[in-house]
Amino acid sequence: MNAKQALSPSAELSDASALEALSQGHIGALGVLYDRYQGAVSSFVRRATNDASDVEDVVHATFMTAAKAASNFDGRQSCRPWLVGIAARLVHRRKRGLSRWARALHELTVREGDRYTDPHRELAARDEVQRLSDALARLTESKRVVLLLAESEGLPSEEIAEILGIPVGTVWTRLHHARRDLRRMLEREVPR
Amino acid sequence: MSAKPCARLWQIEAARDDRLTGKDLASALRHRETCAECTAEAARVSELATGIAQLPAEPLDAITARRVRQRLLTAFNASVLDPAPARAFPRFAGLLACALVGALGVICFWVGRARAPAAPPTSPSPAVEIQASSGARFSDRVEPRLERVEFDDGSAALTVHPHTGRRVLIELPDGEIEDLGTIFQLRVEDGRTQQISVTDGRIAVRLREQPPFSLGAGETWQREAPRLPAVVATSPAITSSATPSRVVQSAHVATHERAHPLSALPSPALPIEARHEGPSADNTNAEDDAYLGIIDSLRGGRGAEARARAKDYLLRFPNGFRRVEVLNIATRGADAGSN
């Protein structure tokens with residue numbers, strides 16, 4: 001299928017064709033891909049960063065990076081893992097900025113305050129999903145990103161290692177520690 | 001009192017994370033079918049994964065999504081229509097940087113060549129840092145895809161630095177350790193691994209006569225020491241200078257001055273026929289046969305015969321490869337007899 005022809009009329013354009021068109025500068029292809037995957041990418045970024053204020057910027061940067069690197073797409077059925085991989089890399093890089101420290105400190109203060117002052121939050125935390133969500137949020141970002149890529153996005157360890165630029169052994173170690181920490185946190189919070 | 005956890009419990013996660021392949025994976029899956037503990041662990045890991053996958057994460061609300069879309073398309077449009085101002089400087093800077101790096105490289109090459117004409121060929125830098133005790137015997141070979149440390153004897157503390165795309169394998173006389181990014185201590189004596197302590201990270205250990213297992217931070221594995229005094233009682237030819245408690249209690253990185261656990265085995269006071277059969281290659285089959293005979297007797301429930309064969313083995317092969325196990329069998333027999 002010719003990407004240029006298929007662009008305007010339908011949303012049935014395959015991911016590979018859309019990226020091919022995007023690599024040739026077709027702005028419509030970027031719109032198609034954004035509409036298709038912004039939900040998945042923003043959900044991943046929100047969970048991975050644990051910081052709602054950054055989601056917009058990271059989603060924007062993800063699709064811009066994808067547009068620039070469109071010609072590198074390997075042509076697989078869905079470009080979701082590829083996009084999520086780009087987002088994960090950006091999340092990984094973003095935490096290196098020194099400004100993150102100040103913001104993280106601010107977030108921590110606000111959250112701790114919320115935890116002890118808002119009774120609704122206390123009630124909601126008893127819900128099982130909420131407990132898991134809270135526990136996940138308390139993992140370190142490096143562990144959380146790896147765990148989400150593996151369990152939520154279903155990516156194999158080798159691919160995660162490639163995405164994050166770390167040895168596959170480190171991926172295995174982080175996965176193991178993330179599961180262990182998560183289980184400990186959940187076990188500790190079981191209502192008795 | 002809590003039961004000892006299944007030694008293959010770690011394989012549940014390993015199988016899930018593609019750490020196991022081929023025969024190892026098939027074996028782990030077969031084991032899982034029969035082990036209640038592993039089945040429960042698999043269910044827990046799977047339940048956790050399902051929970052994570054099903055966690056609701058709010059995507060951007062419609063208005064925000066629309067705003068981000070608009071911003072994205074505008075930015076992309078700008079980059080397509082007017083790429084020159086954004087790219088001109090980086091491209092120029094890139095070329096300049098390449099030229100500078102190239103020039104610097106050439107200068108360093110010539111200076112280095114002039115100063116050190118006999119420089120060895122470059123090879124990947126080792127990921128493993130080894131602090132070995134005096135007398136330890138080991139070698140470290142670094143290849144692009146694999147770093148192999150052959151550790152023959154002695155004790156050492158090993159620190160493995162991050163190693164992208166390279167496996168790190170520590171080969172022991174009786175097995176191997178695969179490192180997963182870690183700091184650990186190791187002690188090997190007389191061709192057998194005696195102790196492994198992990199300070200940080202996790203390692204996978206595969207030893208002969210042991211099911212594979214992994215050790216995490218703060219965990220220590222130690223080989224069971226033989227009970228020596230009973231052998232002294234059963235065989236007058238065997239004299240001991242080391243007490244069993246010293247052997248068993250030797251923890252952490254040992255020094256070479258320590259009493260050797262096998263120093264109690266016979267050597268000078270042996271009968272003449274015992275000295276004929278040293279640990280040479282010619283005796284390997286005979287030694288194996290003798291050992292298998294002992295095992296056969298044990299499995300057949302013929303304890304007295306096994307003990308007799310064990311004593312015979314120790315006399316025939318004082319430096320035999322299986323002497324520690326055989327010593328244990330003979331000792332157990334002595335204990336049983338004394339009871």
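1. Helices here are DSSP runs of H or I with at least four residues, and strands are DSSP runs of E with at least two, numbered from the N terminus. Leu298(B) sits in one such helix of chain B, α9, which spans residues 284-299.

2. The model is predicted: local features need pLDDT of at least 70, side-chain atom pairs count only at pLDDT 80 or more, and totals for chains, interfaces and linings use all residues. Residues are numbered from 1 along each chain as its sequence is written, chains are lettered from A and ligands numbered from 1 in the order in which they are written, and side-chain values use heavy atoms, with hydrogens and water left out.

3. Leaving aside residues up to four places away in sequence, Leu298(B) touches Ala306(B) and Ile329(B), where contact means heavy atoms within 4.5 Å.

4. Chain A has 11 helices and 0 strands. Of its 192 residues, 51% count as buried. Among the contacts in chain A with a separation of 6 or more, 63% join residues 24 or more positions apart.

5. Helix α2 of chain A covers residues 15-23, and its buried residues include Asp15(A), Ser17(A) and Leu19(A). Gly25(A) follows α2(A) and has a positive phi, near 95 degrees.

Conventions. Buried means under 20% relative accessible area, exposed over 50%, partly exposed in between (1.4 Å probe, protein chains only).
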